[in-house]
Amino acid sequence: MYRFLDAVIRGIQTGSIFGLVGLGINVVFGATGVFNFAQGDMVMVGGMLGVSLWVASGLPFPLAVLVVIVVAGAIGGATELVAVRGTARFRQSTVLWIISTLGVSIIIEAVTTLLAVRHNSDNGTRSFPDYVPWHSITIGKLLIIPQRAVLFPIALGATALIWFCFQRTLWGRGLSAMAFDREGAAMRGLPVGRLAVLAFVIGGVLAGFGGFAAGPITQASVTLGFGITLQGFIAATIGGIPELWGPILGGVILGIAEQFTTVYWDASFTNLVALGLLLAVLLVRPNGIIGRQVRTL
């Protein structure tokens, strides 16, 4: 029984990371119709920059978080301006946007590797210390690690904050209108260009913050980008694109499935199980568990 509960708890914790990444993907895709392949690399930047500022440079923790958020948001906005809007003259090709954002992903990873790797024996991985000061507690045979336990409330709080902003603020309602019908929003006078940049900025902020928040669990590594992008995409797709609550739901389901695979089968099959779960959900619910049909450009 304790083994089962431990797998569920760990699945919720790791799934929260996937959910944060997927939330950024949904915000960007919902508003612009673009799947940003660089989303996971901004998570990587959040971890690498965070550990460099906080640990190596001794910057105070709140200030390090703020700098990470600003830098990741700036990268997100630049991605829209250069990789998406810069290719708009080519008839806004979805395939071209996939290639261009993938190019941004490669550039981010290459630049970060160049800055982080100092010698041949350096693999670009940095140890990210815990930022939660509380000690682990034991309930029966269950070990509760506060550093892991805070991830779900963080993901839940971030999702609730974005949802509230989308419901209660003018720019949030503008993004919601774009997600429903971009052409109609433009006809009604909404600044869809600026809102598209804002969507990418929000996606970058969520990614950078997620990379920092999950740093002690994932550790900071220049190779983190593609894998976490894939997991975030699967979480968002299972939960439902572009629903804001979909990624955290899909992330928890994916995280638990992967933990069960590790505990009861073999950790080497986690990717296979993740893809199998994705296909199974799409066969029953093509738009995800709580997703809806969206209009794309």
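Here are a few notes on the cavities and salt bridges in this predicted model.

1. Let's start with the empty space inside. Rolling a probe the size of a water molecule over the atoms shows where such space is left. Here the count comes to two cavities of 30 Å³ or more. The second largest cavity has a volume of about 50 Å³.

2. Which residues line the second largest cavity? Look for Asp 6, Ile 9, Arg 10, Gln 13, Leu 143, Ile 144, Ile 145 and Arg 148. Helix α1 gives the most, with four residues. By type, the lining divides into four nonpolar residues, one polar and three charged.

3. Now for the charges. Side chains of opposite charge can pair when their charged atoms come close. In this model the count comes to two salt bridges.

4. Arg 10 and Asp 6 are four residues apart in helix α1, so about one helical turn separates them. Arg 10 is partly exposed, with a relative accessible area of 27%, and Asp 6 is partly exposed too, at 22%.

5. The other pair is Glu 80 and Arg 85, whose side chains meet in a salt bridge at 3.2 Å, N to O. Is Glu 80 buried or exposed? Glu 80 counts as buried, at 4% relative accessibility, whereas Arg 85 is partly exposed at 36%.

Conventions
Residues are numbered from 1 along each chain as its sequence is written. This is a predicted model: local features need pLDDT of at least 70, side-chain atom pairs count only at pLDDT 80 or more; totals for chains, interfaces and linings use all residues. Side-chain values use heavy atoms; hydrogens and water are left out. On a 1 Å grid over the protein atoms alone, a cavity is a set of points where a 1.4 Å probe fits but cannot get out, and a pocket is an open set with protein on both sides within 12 Å along at least five of seven lines; lining residues have an atom within 4 Å of a point. Grid points are joined across faces, edges and corners, and a volume is the space filled by probe spheres set on the points. Helices (H or I, at least four residues) and strands (E, at least two) are DSSP runs, numbered from the N terminus. Ala, Val, Leu, Ile, Met, Phe, Trp, Tyr, Cys and Pro count as nonpolar, Asp, Glu, Lys and Arg as charged, and the others, Gly among them, as polar. A salt bridge is a side-chain nitrogen of Lys or Arg within 4 Å of a carboxyl oxygen of Asp or Glu. Buried means under 20% relative accessible area, exposed over 50%, partly exposed in between (1.4 Å probe, protein chains only).
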